[in-house]
Amino acid sequence: MAAPKILVIPGSLRTGSLNARLAAVAAHALAQAGAEVTNISLADFPLPIYDGDLQLKSGVPKNAVNLKRMIGAHHGVLIVTPEYNASVPPLVKNTVDWVTRVQDMHEARGQVFRGRPFAIAAASQSRLGGSRSLAALRLILSACQAMVLPNQLALSFAAEAYDDMDRLKRPADIEALAALVRQLIDVSQRLM
Ligand SMILES: Cc1cc2nc3c(=O)[nH]c(=O)nc-3n(C[C@H](O)[C@H](O)[C@H](O)COP(=O)(O)O)c2cc1C
């Protein structure tokens, strides 16, 4: 079977981001499992805070259109999000909001999410590992009619979760990442 194309999106721009680190480890695991992986930074797609007046005046920003097309060019997506005050950070929500406003020719608005497999993961120094952010992101993506996969990874005490080769070291995390990778590849492949 052909390799599915998987887009990995870390939900943080911060230097030394725990979520960018987990995204890189997940991207590596996806590639090892046979996917063709693109790991992007949202720093390359800067967007203003969504404002309906701005959209009316200037249209949807080019970066939202480019990101929408990049999502559309992949069979599956992995979002690795921080948790801010028990929810998703504004960067993640604002990016999803703008992308849902993109409407290419002969498409409904937000069509790029519909039926597309999305896996979600989070990393945090807390014991919950960002799991409340995952609950919020699951709700948001489900409302966009994405196919949000049941498996997810909430990486707790994330700064201490790696060995000196930058591999996850706790068996539960290793198993959760492997299950997430397997499911994202399987479902993406089935829908190719
Ligand atoms: C505004 C704000 C709110 C936060 N709220 C939470 C929270 O509710 N739960 C949590 O686990 N961490 C929380 N944190 C800590 C983040 O998990 C931590 O800063 C993490 O490193 C951010 O992800 P990053 O390293 O990928 O940038 C919060 C951080 C900020 C800046």
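**Notebook: a predicted model, sheet, cores and loops**

I started at Asp173, which touches Leu153, Leu155, Ala161 and Leu168, residues up to four places away in sequence not being counted; contact here means heavy atoms within 4.5 Å. The model is a predicted one, in which local features need pLDDT of at least 70 and side-chain atom pairs count only at pLDDT 80 or more, while totals for chains, interfaces and linings use all residues. Residues are numbered from 1 along each chain as its sequence is written, and side-chain values use heavy atoms, with hydrogens and water left out.

**Entry 1: Asp173**

I placed Asp173 in helix H6. Helices (H or I, at least four residues) and strands (E, at least two) are DSSP runs, numbered from the N terminus. Is Asp173 buried or exposed? Asp173 counts as buried, because its relative accessibility is 8%. The cut-offs are under 20% relative accessible area for buried, over 50% for exposed and partly exposed in between, with a 1.4 Å probe and protein chains only.

**Entry 2: the sheet**

I looked up the strand order next. Five strands form an open sheet in the order S2-S1-S3-S4-S5, and the pairing is parallel. At the edges are strand S2 (36-39) and strand S5 (147-155), each of which pairs on one side only. On average, neighbouring strands of this sheet are turned by 20 degrees against each other, direction ignored. Two strands count as paired if DSSP finds at least two bridges between them. Strands of a sheet pair through backbone hydrogen bonds, either parallel or antiparallel.

Strand S3 (residues 76-81) runs parallel to strand S4 (residues 117-123), and five bridges join them. Leu78 stands opposite Ala119 in S4.

Which helix packs on the sheet, touching S3, S4 and S5? I found helix H5 (residues 131-143) there, with its direction at about 165 degrees to that of S5. Axes are lines fitted to C-alpha atoms, for helices over the stretch in contact, and angles run from 0 to 180 degrees between N-to-C directions.

**Entry 3: the cores**

I used this definition: a nonpolar core is a set of buried Ala, Val, Leu, Ile, Met, Phe, Trp, Tyr and Cys residues joined through side-chain atoms within 4.5 Å. The largest such core has 28 residues, and Leu22, Leu30, Leu78 and Leu155 have the most contacts inside it. Two or more residues each come from strand S1 (5-10), helix H1 (18-32), S3, S4, S5 and helix H6 (171-190). H6 supplies the largest share of this core, seven residues.

I listed the partners of Leu22, not counting residues up to four places away in sequence: Val80, Ala121, Ala122, Ala123, Leu153, Leu155 and Tyr162. A second, separate core has 26 residues, including Ile40, Phe118, Ala122 and Ile140.

**Entry 4: H3 against H4**

I checked the packing of helix H3 (residues 62-72) on helix H4 (residues 90-100): the angle is about 85 degrees and the axes are 9 Å apart. H3 and H4 are therefore roughly perpendicular to each other. The classes are roughly parallel under 35 degrees, roughly antiparallel over 145, roughly perpendicular from 65 to 115, and oblique for the rest.

On the H3 side are Ala64, Leu67, Lys68 and Ile71, which meet Thr95, Trp98 and Val99 in H4. By class, this contact has five nonpolar, one polar and one charged residues. Ala, Val, Leu, Ile, Met, Phe, Trp, Tyr, Cys and Pro count as nonpolar, Asp, Glu, Lys and Arg as charged, and the others, Gly among them, as polar.

**Entry 5: loop residues**

I found Ala158 in the loop between S5 and H6. Ala158 counts as buried, at 1% relative accessibility. Its contacts, leaving aside neighbours within four places in sequence, are Leu18, Ala123, Ser124 and Gln125. Ala158 and Leu22 are 136 residues apart in sequence, with 8.5 Å between their C-alpha atoms.

Asp166 is found in the loop between S5 and H6. I noted a positive phi of about 65 degrees for Asp166, although it is not a glycine. Asp166 is partly exposed, with a relative accessible area of 34%.

Ala86, in the loop between S3 and H4, has a phi near 65 degrees, a positive value in a residue other than glycine. The relative accessible area of Ala86 is 33%, so it is partly exposed.

I ended with Arg114, in the loop between H4 and S4. Arg114 is partly exposed, at 40% relative accessible area. Leaving aside neighbours within four places in sequence, Arg114 is in contact with Ala108, Arg109, Cys144 and Gln145. The C-alpha atoms of Arg114 and Ser142 are separated by 9.0 Å, with the two residues 28 apart along the chain.
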